[in-house]
Amino acid sequence: VQLQASGGGLVQAGGSLRLSCAASGRTFSAYAMGWFRQATGKEREFVAAISWNGARTNYADSVKGRFTISRDNARNTVYLQMNSLKPEDTAVYYCAARSRTLVDVSKPDYWGQGTQVTVSS
């Protein structure tokens, strides 16, 4: 599976961004999908995950109530809607795919390239 993330950018605190991750190469609906992020000088951390059919989602506590993950299997795309952004959300965001799991993407089979999100105060 090839994953292509997009949608990052510079936004003021309190603003919104929507990230997209387009998949190609294998059956997209066979994979749980997730988003991770890595801030400068920090380890990569889990942000959100969604099951193959969108019925189950999981979020890091730091983004609950602000971020929403969704997917469109017809378009082979997963999204991350980010609202009420904070400066501490600044990071490179990565999408990931994992098979044979409902919503646990802690050890992805595939990674996409990152997209930079910068939130100014």
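**A guided reading of the predicted fold**

The largest nonpolar core has 30 residues, and those with the most contacts inside it are Met 33, Trp 35, Leu 80, Met 82 and Tyr 93. A nonpolar core here is a set of buried Ala, Val, Leu, Ile, Met, Phe, Trp, Tyr and Cys residues joined through side-chain atoms within 4.5 Å. Buried stands for under 20% relative accessible area, exposed for over 50%, and partly exposed for the range in between, with a 1.4 Å probe and protein chains only. At least two residues of this core come from each of β1, β3, β4 (31-38), β5 (45-50), β7, β8, β9 (91-99) and β11 (115-120). Strands are DSSP runs (E, at least two residues), numbered from the N terminus. A second, separate core of six residues includes Ala 32, Phe 36, Ala 96 and Val 105. In soluble globular proteins, nonpolar side chains tend to be buried together.

The model is predicted: local features need pLDDT of at least 70 and side-chain atom pairs count only at pLDDT 80 or more, whereas totals for chains, interfaces and linings use all residues. Residues are numbered from 1 along each chain as its sequence is written, and side-chain values use heavy atoms, with hydrogens and water left out.

Leaving aside neighbours within four places in sequence, Met 33 is in contact (heavy atoms within 4.5 Å) with residues including Leu 3, Cys 21, Phe 28, Ile 50, Ile 69, Arg 71, Val 78 and Val 105.

The sheet comes next. Four strands form an open sheet with antiparallel pairing, in the order β1-β3-β8-β7; two strands pair if DSSP finds at least two bridges between them. The edges are taken by β1 (2-6) and β7 (67-72), each with a single partner strand, so one side of each is left without a neighbour in the sheet. From one strand to the next, the twist averages 15°; the axes are lines fitted to C-alpha atoms, and angles run from 0 to 180 degrees between N-to-C directions.

Individual bridges can be located in the model. Five bridges join β1 to β3 in the antiparallel sense, and Ser 6 has Ser 20 of β3 as its bridge partner. Strand β3 (residues 17-24) also pairs with strand β8 (residues 77-82), antiparallel and over six bridges; here Leu 19 has Leu 80 of β8 as its bridge partner. In a regular strand the side chains alternate between the two faces of the sheet.

Across the whole structure, a search finds four aromatic pairs. Rings of Phe, Tyr and Trp (its six-membered ring) pair if their centres lie within 6.5 Å; planes under 30 degrees apart count as stacked, over 60 as edge-to-face and the rest as tilted. The rings of Phe 36 and Phe 46 have centres 5.8 Å apart and planes at 75°, so this pair is edge-to-face. Phe 36 lies in strand β4 and Phe 46 in strand β5, 10 residues apart. Phe 36 is buried, with a relative accessible area of 6%, whereas Phe 46 counts as partly exposed at 25% relative accessibility. Tyr 94 and Trp 111 also form an edge-to-face pair, 6.4 Å centre to centre with 85° between the planes. Tyr 94 is buried at 15% relative accessible area, and Trp 111 is partly exposed at 37%. Phe 36, Phe 46, Tyr 94 and Trp 111 form one aromatic cluster.

The charged end of Arg 44 sits over the ring of Trp 111, 4.3 Å from its centre. Arg 71 lies over the face of Phe 28, at 4.4 Å from the ring centre. Arg 71 is found in strand β7 and counts as buried at 13% relative accessibility.

Two loop residues complete the tour. Asn 76, in the loop between β7 and β8, has a positive phi of about 55° although it is not a glycine. Arg 100, in the loop between β9 and β10, also has a positive phi of about 55° without being a glycine. Asn 76 is partly exposed at 26% relative accessible area, while Arg 100 is exposed at 76%.

Notes
A charge sits over a ring if NZ of Lys or CZ of Arg is within 6 Å of the ring centre and within 35 degrees of the ring normal.
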